[in-house]
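Please look at the sequence and the model together, and keep both in view while reading the report below.

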Amino acid sequence: KVLFLLLVTPYVVDVEAGWKDPNLVLKPNGGGWEQYPLENLGNPMPPVDDKWKSPEASIVVLIAALREGRLPETLLSMFDNAKYPDRIYAGVVQQNAEGDLDAVVAVCQSRGRPVIKHENSGKGLFENPNNCKEFNQIRMIRMDVSEAAGPVYARGRQPELLEDNDDFCMQIDAHTIFKKDWDVMMLEQWGACRNEYAVLSTYPTNYKDLYKNSNHHWEMPHLCKASVGSNGLVRNAQASAVANLEQPILAPLWAAGLSFSRCHAEKNVPNDLNLRHIFTGEEFARGARLWTHGYDFYTITRPIIGVYYGGDKGGRGGWRSNREESHASARRIATLLHAKGSDQSPEAHANLGFFDIGTRRTLDQYYEFSGVNVKTGETKNVCIVKYVPWNVPYEAPKSNSNSVMSAKGKIRGLDKERFIEQETGAGTVDNISSVYLVMYIGIASSLLCFLGYVIFRVCAFKSGHQMPAWEKYLRSKRLRKKNMM
């Protein structure tokens with residue numbers, strides 16, 4: 001009987017491990033280490049190609065920045081430390097106050113190739129007369145701080161900056177530094193997962209420890225602990241630890257501070273931009289959506305980026321919260337996760353729309369996998385997890401190119417003022433929204449028609465032509481109507 005249990009459940013066996021052993025996972029109670037069984041990694045769908053090996057594979061680094069003083073430093077570190085900087089792009093949702101330095105302006109100034117802003121141009125009409133190279137590699141959405149509605153909403157706009165041919169996406173904080181050759185390292189870590197739907201995610205190392213071998217056996221943060229609040233919102237706890245990893249291992253929870261994947265993850269399961277004015281609950285909610293859509297989370301083996309924490313972040317202030325919208329967002333998450341007492345009506349789930357739970361795995365399966373059951377409020381620390389196959393056949397990813405527009409369209413229906421201005425591509429200009437563009441085209445067409453008619457009448461009068469029959473009819477009709485009044 002004991003032998004049978006060992007054969008069918010090797011991943012739960014409590015094996016004490018030594019400090020220098022490979023693939024160590026800290027026990028939930030902190031009472032020593034155990035080894036991660038590599039067979040737990042399972043047989044996920046392999047990558048559809050070897051593009052991760054190519055120096056031409058593009059990486060888009062997505063950053064939501066609220067008055068972040070270290071944003072220019074983050075962008076410069078990103079470009080300067082990439083082995084192949086030409087393939088690196090930034091997608092920045094910048095929320096600045098008047099007087100805050102624009103990220104593109106700051107980066108190009110530091111290169112000695114300043115850009116020029118047109119007078120009375122609004123938020124971002126720049127020219128690049130000095131050929132600042134990074135000018136065309138930083139894609140921007142520029143918002144005023146008064147438009148800010150929390151980190152999830154800002155991250156929800158990041159996919160607007162993605163293009164169809166983008167390969168890999170990396171979400172980070174706006175106060176991050178990068179290790180030398182970070183781009184190659186991240187791609188190698190992703191490739192080592194042998195999983196098309198792999199998402200490298202954890203809380204990044206403190207910037208002070210970026211080049212350190214932590215505790216002399218390469219300890220790394222590993223997310224496997226969380227708590228459920230009375231309102232059903234889940235908060236990730238302080239990270240546990242793994243050490244001496246030979247390859248990335250599966251993790252039960254997703255982190256917003258580092259998320260590296262194929263870009264189809266950002267297009268098909270983006271942050272929910274309906275979650276306005278909320279912070280707690282963001283990570284578990286998106287993690288549940290990603291996992292049920294077939295994505296898997298992996299802890300990386302070595303530090304590749306470092307983050308400024310606490311007072312070192314360099315932030316210049318927060319956003320003005322809206323209590324009503326915050327509560328609405330909390331209710332939305334509760335519906336998504338089937339929290340006790342939440343609205344589970346067909347209307348509530350229909351309102352989730354594109355941002356609902358996936359169908360490749362179930363929410364109950366994720367509760368079991370993560371150790372966090374939002375329905376009951378019970379949690380357990382599950383730091384060693386085993387791959388869970390899909391409930392449907394594996395299939396190659398399909399990037400939903402209309403997903404962001406669909407999501408944005410739904411928001412427009414609720415609050416049209418939220419998307420009046422959009423700025424994308426090369427960090428340069430304000431793109432007028434399609435609604436206003438259509439309106440302007442209509443006005444211009446009407447003016448041209450009127451001008452053409454005036455020219456026709458003047459020419460007809462000078463040449464002695466008589467009034468056309470159709471105009472005589474209209475004039476007589478107007479006169480009859482006037483006489484009847």
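This is a predicted model: local features need pLDDT of at least 70, side-chain atom pairs count only at pLDDT 80 or more; totals for chains, interfaces and linings use all residues.

Residues are numbered from 1 along each chain as its sequence is written, and side-chain values use heavy atoms, with hydrogens and water left out.

## Disulfides

How many disulfides does a search of the whole structure find? The search finds three, where a disulfide is a pair of cysteine sulfur atoms within 2.5 Å. The table gives the sulfur distance of each pair.

| Pair | S to S distance |
|---|---|
| C108 and C132 | 2.1 Å |
| C169 and C263 | 2.1 Å |
| C224 and C383 | 2.1 Å |

When the bonded cysteines of the chain are numbered in sequence order, the pairing reads 1-2, 3-5, 4-6.

Because C108 lies in helix 3 (residues 103-110) and C132 in the loop between strand 6 (126-127) and strand 7 (138-144), the pair ties together parts that are 24 residues apart in sequence. Both C108 and C132 are buried, a word that stands for under 20% relative accessible area, whereas exposed means over 50% and partly exposed lies in between (1.4 Å probe, protein chains only).

The link of C169 and C263 is right-handed, with 100° about the S-S bond. This pair connects distant parts of the chain, 94 residues apart, with C169 in strand 8 (residues 168-172) and C263 in helix 6 (residues 263-268). C169 is buried because its relative accessible area is 0%, and C263 is buried with a value of 1%.

The link of C224 and C383 is right-handed, with 65° about the S-S bond. Here the distant parts are 159 residues apart: C224 is in the loop between strand 12 (220-222) and strand 13 (226-228), and C383 is in the loop between strand 21 (378-379) and helix 11 (403-414). At 2% relative accessibility C224 counts as buried, and C383 counts as buried at 4%.

## Pocket and cavities

On a 1 Å grid over the protein atoms alone, a cavity is a set of points where a 1.4 Å probe fits but cannot get out, and a pocket is an open set with protein on both sides within 12 Å along at least five of seven lines; lining residues have an atom within 4 Å of a point. Grid points are joined across faces, edges and corners, and a volume is the space filled by probe spheres set on the points.

The largest pocket has a volume of about 830 Å³. It is lined by 33 residues, of which P151, R155, D173, F279 and K313 are the closest to its centre. Strand 3 (59-66), helix 4 (151-156), strand 14 (234-236) and helix 7 (282-292) are the elements that give two or more residues to this lining.

The structure also holds two cavities of 30 Å³ or more. The largest cavity has a volume of about 90 Å³, and of the 13 residues that line this cavity, D272, L275, A285, R289 and L336 are the closest to its centre. Helix 7 gives the most to the lining of the largest cavity, with four residues. The second largest cavity has a volume of about 30 Å³, and its lining includes T202, Y203 and M220.

## Two single residues

L253 has its place in the loop between strand 16 (249-251) and strand 17 (258-262), and L253 is buried, with a relative accessible area of 1%. Leaving aside neighbours within four places in sequence, L253 is in contact (heavy atoms within 4.5 Å) with several residues, among them C224, F284 and Y366. The C-alpha atoms of L253 and V372 are separated by 9.6 Å, although these residues are 119 residues apart along the chain.

Is Q35 buried or partly exposed? At 34% relative accessibility, Q35 counts as partly exposed, and Q35 is found in strand 2 (residues 33-35). The side chain of Q35 reaches the backbone oxygen of P22 at 3.0 Å.

Conventions:
A polar contact is a pair of N or O atoms within 3.5 Å; within protein, one must be able to donate a hydrogen and the other to accept it, and residues adjacent in sequence count only if both atoms are side-chain atoms.
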